[in-house]
Amino acid sequence: MVNTGTTGEAPGSDIQAVTRAGQICALFGPGTAELTAADVSERLGLNRTTAYRYCISMVTAGILDRGTTKGTFVLGELMLRLGIQALRRRPVVDLAPPLLARLSEATRMTAVLSLWSSRGPVVTLVEEDRTRPAVVTVRPGTELDRTAAQARVFLAHQPDQRGLEALSLGASPTERAELEAAVYTARRTGYTITELPGGVIAAAAPVFGPEGIAATVGLLGTDSSIDLSAGSPAVTELLAVTAALTEALTHR
C-alpha cells in the first residue's frame, strides 16, 4: 500500500485534487481494468469516503466511467481520447498509414499499428480489408493483453523485465511459461504468430527507431486458409512493411 499523504483532504485543495486524480488513473493497467472505491482507498491510503468522492467526481468529469460490475469504475472515454491523441504525436503514426493500407490490401487482412504506453500496448491505427463482406478488427484505444501477438513482440525487444512483469500479473505458472516461450520465439525469429479464441489468427513484427522498439505492426484474420508460416506471402509483406517503417524512422 502506498501512502502519499494524510487520509483527509483540505477544503479547496485544487492542486492536491489534481494529484489524486492522476494517482487514481495510474492505478489502472493491463491487469487492472476495473477498480472499486475500496481498492483506491487501500492503494492510495485514503479513507473510503474520500476515495468514493473522488471516483464520483471523476465520473462526472468523464475521466472515469461506471464499470460493468456494481461498485466498480473504469477509465472513461475522455481518457481514451486523450491517450490516443498523445500517442499520435509519435513520428511513426505519421509514417504508418500508407504502409498499413498496402499491407492490408496485399494480405486481405486487418493491419494494426500499436504503441507502448505506460500500461502496455495500445492499438493506435487500424486499416481494415475493405474487399471482404465481414472483417475481424480492433478499435483504436484498445489495450492489448499478454495473449496478443503485438504485446509479445513488444516484450521481446524491451531492455528490461518491467513490461513482462506488468503483463504477467494474475497469470498462472503455466500461462507465464507460455508467455515467456512466445517472447523468446518472437525475439529469435523477428515476428510471432498467435491463435486466439473464436478462430482469430494474428501475426506481429517490430518497428525500430533510434532508441529501440518504437511500435509493432500486426495482422488479424479468421480465414483458416491464410498462410502465416515463415516465408509465406503474408509474413513476407508484414516484414517488408515493418522494415520500411524502421528505415523511415531511422532516417528521420
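Two strands are taken to pair if DSSP finds at least two bridges between them. Helices (H or I, at least four residues) and strands (E, at least two) are DSSP runs, numbered from the N terminus. The model is a predicted one, in which local features need pLDDT of at least 70 and side-chain atom pairs count only at pLDDT 80 or more, whereas totals for chains, interfaces and linings use all residues. Residues are numbered from 1 along each chain as its sequence is written, and side-chain values use heavy atoms, with hydrogens and water left out.

Strand E2 and strand E3 (residues 72-75) are antiparallel partners, joined over three bridges. Leu64 stands opposite Leu75 of E3. These strands belong to an open sheet of three strands, ordered E1-E3-E2, with antiparallel pairing. Strand E1 (35-36) and strand E2 (64-66) each have a single partner strand and stand at the edges, so one side of each lacks a neighbour in the sheet.

Helix H2 (residues 37-44) has Ala37, Val40, Ser41 and Leu44 as its buried residues, where buried means under 20% relative accessible area, exposed over 50%, and partly exposed in between (1.4 Å probe, protein chains only). Viewed down the axis of H2, the buried residues fall within an arc of 100°, so they line one face of the helix; the arc is that of the directions from the helix axis to the C-beta atoms. The cover over these residues includes helix H1 (14-26), E1, helix H3 (48-60) and E3. Not counting residues up to four places away in sequence, Ser41 touches Leu46, Asn47, Arg48 and Ala51, contact meaning heavy atoms within 4.5 Å. Gly45, which follows H2, has a positive phi, near 75°.

The structure holds zero disulfides, a disulfide being a pair of cysteine sulfur atoms within 2.5 Å. The sulfur of Cys25 has its closest cysteine sulfur in Cys55, at 9.6 Å, too far for a bond. Cys25 is buried at 10% relative accessibility, and Cys55 is buried at 2%.

Side chains of opposite charge can pair when their charged atoms come close. The count of salt bridges comes to eight, each defined as a side-chain nitrogen of Lys or Arg within 4 Å of a carboxyl oxygen of Asp or Glu. In one of them, the closest N and O atoms of Glu237 and Arg102 are 2.6 Å apart. This pair links distant parts of the chain, with Glu237 in helix H9 (residues 233-251) and Arg102 in helix H5 (residues 91-107), 135 residues apart. Glu237 is buried at 18%, whereas Arg102 is partly exposed at 36%. Another salt bridge joins the side chains of Arg108 and Asp129 (3.9 Å, N to O). Arg108 lies in the loop between H5 and strand E4 (110-117) and Asp129 in the loop between E5 and H6, so the pair ties together parts that are 21 residues apart in sequence. Asp129 is buried, with a relative accessible area of 5%.

Arg146 is located in the loop between strand E5 (120-127) and helix H6 (149-156). The side chains of Arg146 and Glu175 are joined by a polar contact of 3.5 Å; such a contact is a pair of N or O atoms within 3.5 Å, where within protein one must be able to donate a hydrogen and the other to accept it, and residues adjacent in sequence count only if both atoms are side-chain atoms. A polar atom of the Arg146 side chain also lies 3.4 Å from the backbone oxygen of Leu169.
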